[in-house]
Each structure stands twice: as C-alpha cells, then as structure tokens.
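Dear colleague,

My notes on what was found in it follow directly after.

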Amino acid sequence: MAFTEFRPLDEKSLIDYIKATPSLSSKLGDKSDNLTTKEVGDGNLNFVYIVIGASGSVVIKQALPYIRCIGESWPMTKERAYFEALALKEHGQLCPDHVPEVYHFDRTMSLIGMRYLEPPHIIFRKGLIAGIEYPLLAEHMSEYMAKTLFCTSLLYRTTTEHKRAVAEFCGNVELCRLTEQVVFSDPYKISQFNRWTSPYLDRDAEAVREDNILKLEIAELKSKFCERTQALVHGDLHTGSVMVTLDSTQVIDPEFAFYGPMGFDIGAYVGNLILAFFAQDGHADEGNDRTAYKEWILRTIEETWTLFYKKFTALWHQHKDGSGEAYLPEIYNKPELQKLVQEKYMEDLLHDTLGFGAAKMIRRIVGVAHVEDFESIKDDVKRAACERRALEVAKMLLKERRNFRDISGVVSAIRRV
C-alpha cells in the first residue's frame, strides 16, 4: 500500500499498510491475517503501535502534524520522523547493543518500523518510580553516550564530514525551536504553557522568573544549544527515552536529534536521575523508606559520569592519530599537551552537563511538561516539598557549575540538600 500523501493510520489501516510492506510483514510471519495491534503512545508527540504476528513483532511510530498532548492548536512538523530514523540508524551503527534496529522508514507517511523491545523491558522512569535497581545501567549508558558523542564529533571526523552531517540535521529546526522555548525561555517568563504544583510552588516559580543571575546563566546555555555543533545528540535523553531490563538498556525516541553540545545529552540524563532522586521521598512508605534506593541513584550518577569519562577518553587515545581534525597530531604531539587538552575538554564538558541538566530539571518543575516521578505522588504537599528540593539543587548547579571539578563533588552537594 503506497500512499502519495500523509494520512494518520488507525489500527485497521495500519494492518493493511503492514501487509503491503515486505520489510515489515516479513518480521511478523507469513500469515498476517492474525496480527494484533495496540496503541501505546503515552508520550507528548506521536502515535506508537505494538504489532504482534505469528512469528515476530514490530513497533510502528507515526508522527502527527501537531503536538499530540496539546492538539492541533500547536502545529509541529512531521519531518521529525525523518530525523528520528536518521539518528536511530546513525547511533545504531555506532552502538548497536543499545539502540533498537530500524526495519522500515516511510518519509511520506512519517512512519518508522523498528524492533519491539519486548517485556520485561519497561521505560526506565517507571523502574525508578518502582524502586528497581539496574546493575548494568551505568555501564550501558556510559557506553552509548561515549560512542555516539565521540564518533560524531571532530575528535573523530574531518571537518568536511562533520559539516555535511550538521547541514543535514539543521533541517530539524522546529524541534530545536521547541526545545529553545520550553527549556530556555518559558520557565523564566510568564507563559500560558507553564504550570507547577500550585499554590505551594507559586513563590518558587516567581523566584525563577525574578532571578537575574539565573537568567544570565540560562542565556549562555541557550547560546551554546543554538550555536554549538559539537556532536550528533539525541536531543531528549531523559529517563523516559530509555527502556531497560536487568541486563538490557535501549535508547529510543531521538526525534529531537541535532548537532549540538554534548553536555545537553549527558545533562538531560543526569538531570532526570537527580529528579528521580528527589522524588523518592514521595514514594516512600512504611515498608520501604527508599533510603537505600536513593543511594543507588547517586551511585549511578557518579558511576555513569566516571565510566563515560573513561570510555570517551579511551576512544580519544585510540583515534588520536586518526582523521579527526579538532586536535591535529602534528600540533598536539606531546603526551603532556594531550593530557592538558583532554583535561580541559572534559572539565568543560562536565560544566556543560551540569548546566544543561539543571535547565532540564527546572523546566520539569515549573515549565510545560512534567515528569511522572513527581506527578505520580498524589499528595500535593509532599510532591511540592520534593519538587522544591530538586528546584533548589537545579538553581545551585546552574549558577555554580564551574566550581565543580569532579562528579563526586556534585553528588556530595546533592546529598547535602
């Protein structure tokens, strides 16, 4: 079934589409009469279907020409599906163990068919709410971030390759502009889209809007977000964009992908872990005060950055005489100079990570789209108390990020709140 123009699929028309698409029907078995479909898109933007056949399964994701959680009053380009498919393929080549395979992409229909991450895979955010520890998570996420960020940067690529890729992803401008608005603008002004746990956080939200130093810092980060094409970043790497089991970690939903600052990805992930840490008190009960789990989250934050640092710099050492044009070996030709360059680069990256992570935390508390970690706390007073502590840490990290020299200092600062 070939469509010459876009149309949203429902469960019936989706089955007809699959039957007419060999790259999808072949994954489900010969007898496609008994396909079962289920719409599971609980995110903000798209339709997502799980399709199960006699001998296999696929996930079908279709982008709509508007933001699903708001409706047609907020139009949004369907082309985001193209950039998501492009990023999944690129990141999948670089880190196949932690990115689901793409089977099919239809640009006209803004439709991606990819591997179904079968149970017991769950969204990592839901695992955090449930208090589940994942022993391999830091290992897996540090590997994903190190490989995808290093190998799409000028540490690995020539400027010609890099600029060609940057030019391609510049087309994802609408999703970048959405991020500019909801992360770097709306929380710092009166906006119809902002919300918070009112009335308890009314003064806190106002304080964000009145904080001149905070506004100076967020302006600097917005500038980096808009202007710095450091690597191909996922663009929305929160704990809802990761699916996990005890021994599997898969990164999904890179529709916001673009060439931007590396710290935006690492920060989004770390910032969401910090939010999960502060939400734990709201999920504690008589049987489990969540103290041990909070310590696991802090350990995971520290281990993730430490392992990322180790893996990223190992890739740098491995390819220091390769085609990357950021630091030409003819110039950076002494071990002590290479060491200085690496230390400066990684310290700057830590500071970017903390700044962008803090910005993502703030928007999740007083901006448009909140996190289930907090939203699932039914008691407004308890939820507001958790959110206030997270907001205070976020403001501190945003303003004081350059004072931190290592991740252990960050974890100590979080623990003190």
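Predicted model: local features only at pLDDT ≥ 70, side-chain atom pairs only at ≥ 80, totals over all residues.

Asn-46 is located in strand E2, which covers residues 46-52, where helices (H or I, at least four residues) and strands (E, at least two) are DSSP runs numbered from the N terminus. With a relative accessibility of 7%, Asn-46 counts as buried, a word that stands for under 20% relative accessible area, while exposed stands for over 50% and partly exposed for what is in between (1.4 Å probe, protein chains only). Leaving out residues up to four places away in sequence, Asn-46 touches Glu-39, Gly-41, Lys-61, Gln-62, Ala-63, Leu-64, Arg-68, Arg-80 and Glu-255, contact being heavy atoms within 4.5 Å.

Residues are numbered from 1 along each chain as its sequence is written, and side-chain values use heavy atoms, with hydrogens and water left out.

Arg-80, one of the residues that Asn-46 touches, is also among the buried residues of helix H3, together with Ala-81, Tyr-82, Phe-83, Glu-84, Ala-85, Ala-87, Leu-88, His-91 and Gly-92. The 15 residues of H3 (residues 80-94) should span 21 Å at 1.5 Å a residue, and the end C-alpha atoms are 21 Å apart, which agrees; the expected span is 1.5 Å times one less than the number of residues. Helix H5 (residues 137-150) has 14 residues and reaches 20 Å from its first C-alpha to its last, close to the 20 Å expected. Because 12 of the 14 residues of H5 are buried, this helix is largely enclosed by the rest of the structure.

Two pairs of helices deserve a careful look. The axes of H10 (residues 262-283) and H12 (residues 335-366) come within 6 Å and cross at roughly 50 degrees, the axes being lines fitted to C-alpha atoms, for helices over the stretch in contact, with angles that run from 0 to 180 degrees between N-to-C directions. That makes H10 oblique to H12, since angles under 35 degrees count as roughly parallel, over 145 as roughly antiparallel, 65 to 115 as roughly perpendicular and the rest as oblique. Among the residues that meet there are Phe-264 and Ile-274 in H10, and Phe-356 and Arg-364 in H12.

Helices H9 (residues 212-227) and H14 (residues 380-400), on the other hand, pack at an angle of about 65 degrees, with their axes 9 Å apart, and are therefore roughly perpendicular to each other. Here Ile-213, Leu-214, Glu-217, Ile-218 and Leu-221 in H9 meet Lys-395, Leu-398 and Lys-399 in H14.

Finally, which residues does Asp-236 touch, not counting residues up to four places away in sequence? They are Ser-241, Phe-256, Asp-265, Lys-360 and Arg-364. Asp-236 sits in the loop between strand E9 (231-233) and strand E10 (242-244), and is buried, with a relative accessible area of 14%. Arg-364 is also in contact with Val-371, as are Arg-125, Asn-272 and Leu-275, leaving aside neighbours within four places in sequence. Val-371 lies in the loop between H12 and helix H13 (372-375) and, at 1% relative accessibility, counts as buried.

With best wishes
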